[in-house]
Amino acid sequence: PPQTLFTKDSTQVFLFLRKKKSSTFDGVIGFGNDKTDKYTFNGSINVNFKNIFNRFETLNVFWQRNPDKGQNFDLQTDIPYLFNSNIGTNINVNIYRQDSTFATVKFLPSLYLHLDSRQKLGLRGRFETSAITDSLYTQGKDFNKKGFGVWYEFTEPSEIGLFRYKTRVRGEADYITSNYSKE
């Protein structure tokens, strides 16, 4: 509860704030049968850590595997105030693998500047590699993508706990080059 201190020439109000717990965990893990009636380990896990080091950071981990042996792993981290400055970083790593057919890896590092509490302006890189791992799969090709881009984001938080944003506007522009295998 708040406390009040009255002195001869002033009044001081002391508020004792409590850290809001906003980290979440959600997941379902199980065993199922694939098309060949073999048991497979599948499910999904979604873990979100927010403000665990009291620096307004965010760490999200998502894993999903379906009975057809498709697997997706996504790791995203956001650190908004590096070294107590207005510069922040966002790093996203995504790995997608479809049984033994192909695998794709994406790496998206980003640096941004807080223009104010609701606006961000950033630069980012993009690195993506996809490889065919099954020689019998002829519908796809190995490729690499590299590029850089700029982005702008305006967010207005929602007062309703169910919604993250009242308003969110994001504009992006990227320059990307792609190289495909010679085959």
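In the predicted model, 9 strands form an open sheet in the order 3-4-5-6-7-8-9-10-11, with antiparallel pairing; strands are DSSP runs of E of at least two residues, numbered from the N terminus, and two strands pair if DSSP finds at least two bridges between them. Strand 3 (24-33) and strand 11 (165-180) stand at the edges, where each has a single partner strand, so one side of each is left without a neighbour in the sheet. From one strand to the next, the twist averages 10 degrees, with axes taken as lines fitted to C-alpha atoms and angles running from 0 to 180 degrees between N-to-C directions. Residues are numbered from 1 along each chain as its sequence is written. Because the model is predicted, local features need pLDDT of at least 70 and side-chain atom pairs count only at pLDDT 80 or more, while totals for chains, interfaces and linings use all residues, and side-chain values use heavy atoms, leaving out hydrogens and water.

Strand 5 (residues 58-65) pairs in the antiparallel sense with strand 4 (residues 39-50) over 8 bridges, and tryptophan 63 in strand 5 is the bridge partner of isoleucine 45. Strand 5 is also joined by 8 bridges to strand 6 (residues 70-79), again running antiparallel, and here asparagine 60 stands opposite glutamine 76 of strand 6. The hairpin of strand 5 and strand 6 has 4 residues between the strands, and in this hairpin lysine 69 takes a positive phi near 65 degrees.

Threonine 155, found in strand 10 (residues 143-157), is buried, with a relative accessible area of 14%, where buried means under 20%, exposed over 50% and partly exposed in between (1.4 Å probe, protein chains only).
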